[in-house]
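Please open the model in a viewer and keep the selection tool at hand.

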Amino acid sequence: RLILLDVQGLTGRKREYMTIPYRSVDRFCIETAGTLDDDCEMKIWVKGLDEPIKQNLGRKADVKNIQRILASYVL
């Protein structure tokens, strides 16, 4: 399972957890941070949804490891 966390609100105390079984993921992409960008972005296309689920990743996120793990379970 892939678990996504969305921290909401000004204090960050409200959190939404979303779990997605790997078998439901059709494809994914990860955009790395550019020179002036603060964060990376991951898009995941799930069966039954028209639009991808977007998740922001911090600038220090280990993008290569995230991509490697997703590829090993999804592909």
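A salt bridge is a side-chain nitrogen of Lys or Arg within 4 Å of a carboxyl oxygen of Asp or Glu. The model on display is a predicted one.

**First stop: a charged pair**

Select Lys 43 and Glu 31, which form a salt bridge; their closest N and O atoms are 3.6 Å apart. The structure holds 1 salt bridge. Lys 43 belongs to strand 4 and Glu 31 to strand 3, so the pair ties together parts that are 12 residues apart in sequence. Side chains of opposite charge can pair when their charged atoms come close. Is Lys 43 buried or exposed? Lys 43 is buried, with a relative accessible area of 19%, while Glu 31 counts as partly exposed at 39%.

**Second stop: the nonpolar core**

Next, select Leu 2, Leu 4, Ile 20, Met 42, Ile 44 and Leu 70. Of the 16 residues in the largest nonpolar core, these six touch the most other members. Which elements supply at least two residues each to this core? They are strand 1 (2-8), strand 3 (25-31), strand 4 (39-46), strand 5 (53-58) and helix 1 (63-74). Strand 4 gives the largest share, with 4 residues.

Setting aside residues up to four places away in sequence, Leu 4 touches Glu 16, Tyr 17, Met 18, Ile 20, Met 42, Ile 44, Ile 53 and Gln 55.

Move to Leu 57, which is located in strand 5. Leu 57 is buried, its relative accessible area being 13%. Which residues does Leu 57 touch, not counting those up to four places away in sequence? The contacts are Asp 39, Cys 40, Met 42 and Ile 66.

Finally, select Cys 29 and Cys 40. How many disulfides does a search of the whole structure find? The search finds 0. Cys 29 is in no disulfide, and the nearest cysteine sulfur to its own is that of Cys 40, 12 Å away. A disulfide requires sulfur atoms within 2.5 Å, and the 12 Å between the sulfurs of Cys 40 and Cys 29 is therefore too far for a bond. Cys 29 is partly exposed, with a relative accessible area of 25%, whereas Cys 40 counts as buried at 4%.

Technical notes. Residues numbered from 1 in each chain as written. Predicted model: local features only at pLDDT ≥ 70, side-chain atom pairs only at ≥ 80, totals over all residues. Heavy atoms only, no water. Core = buried A, V, L, I, M, F, W, Y, C linked by side-chain atoms within 4.5 Å. Buried < 20%, exposed > 50% of the residue type's maximum accessible area, 1.4 Å probe, protein only. Contact = heavy atoms within 4.5 Å.
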